[in-house]
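Let's take a walk through the inside of this protein together.

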Amino acid sequence: MNQAREHWGSRLGFILAASGSAVGIGNIWKYPHMAGQNGGAAFTLIYLICILVVGLSIVIGEFALGRKTQLSPVGAYLAIAPGSLWKWVGFLGVGSAFVILSFYGVVGGWIMNYSFLSLKGDFSQLTGNPEAASALFNSFITSTWAPLFWQLLFMMICIYVIVNGVKGGIEKWSKIMMPTIIVILVILAIRGLTLPNGMTSLTFLFKPKFEDLSASAVVLALGHSFFTLSLGMGTMITYGSYLKRNENLLNSALWVIGLDTIIALLAGVAIFSTVFALGADPAEGAGLIFVVLPSVFPQLPGGQIWGTLFFVILFMAALTSAISILEVVTAYFIDQKGWTRIRSTILFGGIITVVGIFCSLSLGGNLNITWFLGMSFFDFMDYLSSKYMLPIGGMLMAIFIIKRWSVNEFVKELHTGMNSTKISSQLVTILLSIGALVVGFIILNEIFDKLLGFPIIG
Ligand code: PHE
């Protein structure tokens with residue numbers, strides 16, 4: 001606690017780091033396959049509404065809580081509500097970081113392996129043959145050592161970035177990787193749209209067909225808006241705590257949400273234009289990235305380069321998100337326990353890697369951890385975090401602002417760093433209440449579905 005607080009070097013650096021956290025596997029992998037399976041544009045529309053109505057107020061809430069207290073989640077709740085139980089919402093965030101990063105690190109490793117395979121030209125054997133691509137993917141993720149090797153490498157890079165600090169690590173790398181992701185995605189999207197039939201992807205993604213919209217797609221879009229914006233575990237509280245007082249929080253939040261959305265849509269265009277041009281199946285689901293793409297890229301002229309670029313930016317997106325997750329844990333030990341950055345990062349990065357090893361092994365049947373609700377340990381960690389921990393964390397934070405911190409104090413914090421705009425406390429209360437209610441409903445719906453066997457909707 002006696003160490004001087006680190007701060008971002010610039011406003012741009014903060015925005016790129018926060019959007020780097022938001023932009024991740026969720027944007028480039030999860031969003032396109034969810035849209036592909038749930039009616040394309042209709043899903044996109046609901047997703048955009050959720051981001052604006054629920055996401056925006058929670059992003060701003062997290063930023064404000066962090067900047068006000070200059071502390072990561074546990075400390076932030078303690079500073080405003082000393083001696084209360086609210087600190088447990090902070091601990092829930094630290095716990096979520098362990099859960100999410102354990103499987104996220106495994107997927108990060110898969111992505112690194114696929115970048116390498118593409119670079120070596122190995123996708124050429126999969127040309128037009130999704131069955132072969134599927135067999136390759138399954139044999140890789142269910143094997144013992146190869147995924148562990150790549151996961152370890154991914155986690156080591158992640159630890160390396162964090163050890164170098166807020167400005168010298170997180171900000172520096174986000175400033176390099178985020179612009180690279182955007183530029184390459186734009187190139188990939190243009191390349192896709194100029195392929196014969198590539199334009200079909202625009203109709204698919206942007207022309208809503210409401211008959212395709214099911215109730216469960218609405219619930220899915222809501223849950224995803226949380227995951228994609230990195231909300232509910234204090235990532236944005238932590239990043240907000242490295243801000244100085246002169247930052248305009250509303251404006252920064254709009255940038256982060258805007259970049260996150262644009263990148264998801266660009267990824268959708270880049271992927272679906274390629275998929276449509278080569279007549280592959282847009283509703284392939286989770287295998288879209290690792291099965292469909294490796295079999296379609298080699299059919300394009302220069303496919304080896306396009307495929308490699310795609311997986312490399314996916315790696316960068318995963319890395320900037322993974323570092324924001326590990327930073328929540330590191331910051332807790334620095335802020336609350338007075339540990340050094342290097343000690344907390346290496347120790348807890350290491351522990352998370354070990355939990356991740358179990359996630360990876362659970363896919364191969366080497367280690368049969370399937371007693372968790374009938375799913376593998378890997379799927380369970382994903383399920384636990386995105387269906388419960390993040391939504392519960394976000395809902396409790398919204399309730400905390402309304403009930404404990406007070407909306408007036410929160411709005412006062414927002415006005416610091418803002419020149420003219422005046423935000424109405426009533427509007428903020430309404431938005432936060434809608435956020436908390438909607439999220440509370442999603443959680444309840446999931447509990448009904450799992451425990452009673454039928455969802456309320458969906
Ligand atoms: N937002 C990240 C993604 O879209 C995932 C994430 C969740 C990161 C929670 C940090 C915290 O992939």
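**Inside the cavities**

The largest cavity has a volume of about 140 Å³. Keep in mind that you are looking at a predicted model. In total, the structure holds 3 cavities of 30 Å³ or more.

Who lines the largest cavity? There are 16 lining residues, and those nearest its centre are Ser21, Tyr104, Phe227, Ser230 and Ile325. Helices H1, H5, H10 and H14 each supply at least two residues of this lining, with H14 giving the largest share, 3 residues. By class, the lining splits into 8 nonpolar and 8 polar residues, with no charged ones.

This is also where the ligand sits. The elements that give two or more residues to the shell around the ligand are helix H1 (11-22), helix H2 (25-37), helix H5 (87-120), helix H10 (215-228) and helix H14 (303-337). The shell has 16 residues, and Ala22, Gly26, Tyr104, Phe227 and Ser230 are the closest. Of the shell residues, 7 are nonpolar, 9 are polar and none is charged.

Now look at the backbone around the ligand. A polar backbone atom of Ala22 is 3.0 Å from a ligand nitrogen, and a backbone N or O atom of Thr228 lies 3.1 Å from a nitrogen atom of the ligand. For Ile25, a backbone N or O atom is 3.0 Å from a ligand oxygen. The protein covers 100% of the 320 Å² of accessible area that the ligand has on its own.

Finally, visit the second largest cavity, with about 60 Å³ of space. Its lining includes Glu62, Pro73, Tyr77 and Met397, and H5 gives the most to this lining, with 3 residues.

Key
Residues are numbered from 1 along each chain as its sequence is written. This is a predicted model: local features need pLDDT of at least 70, side-chain atom pairs count only at pLDDT 80 or more; totals for chains, interfaces and linings use all residues. Side-chain values use heavy atoms; hydrogens and water are left out. A residue is near a molecule or strand if one of its heavy atoms lies within 4 Å of it. A polar contact is a pair of N or O atoms within 3.5 Å; within protein, one must be able to donate a hydrogen and the other to accept it, and residues adjacent in sequence count only if both atoms are side-chain atoms. Accessible areas come from the Shrake-Rupley method with a 1.4 Å probe; for residues, only the protein chains shown count as cover. On a 1 Å grid over the protein atoms alone, a cavity is a set of points where a 1.4 Å probe fits but cannot get out, and a pocket is an open set with protein on both sides within 12 Å along at least five of seven lines; lining residues have an atom within 4 Å of a point. A molecule sits in a cavity or pocket if more than half of its atoms lie within 2 Å of its grid points. Helices (H or I, at least four residues) and strands (E, at least two) are DSSP runs, numbered from the N terminus. Ala, Val, Leu, Ile, Met, Phe, Trp, Tyr, Cys and Pro count as nonpolar, Asp, Glu, Lys and Arg as charged, and the others, Gly among them, as polar. Grid points are joined across faces, edges and corners, and a volume is the space filled by probe spheres set on the points.
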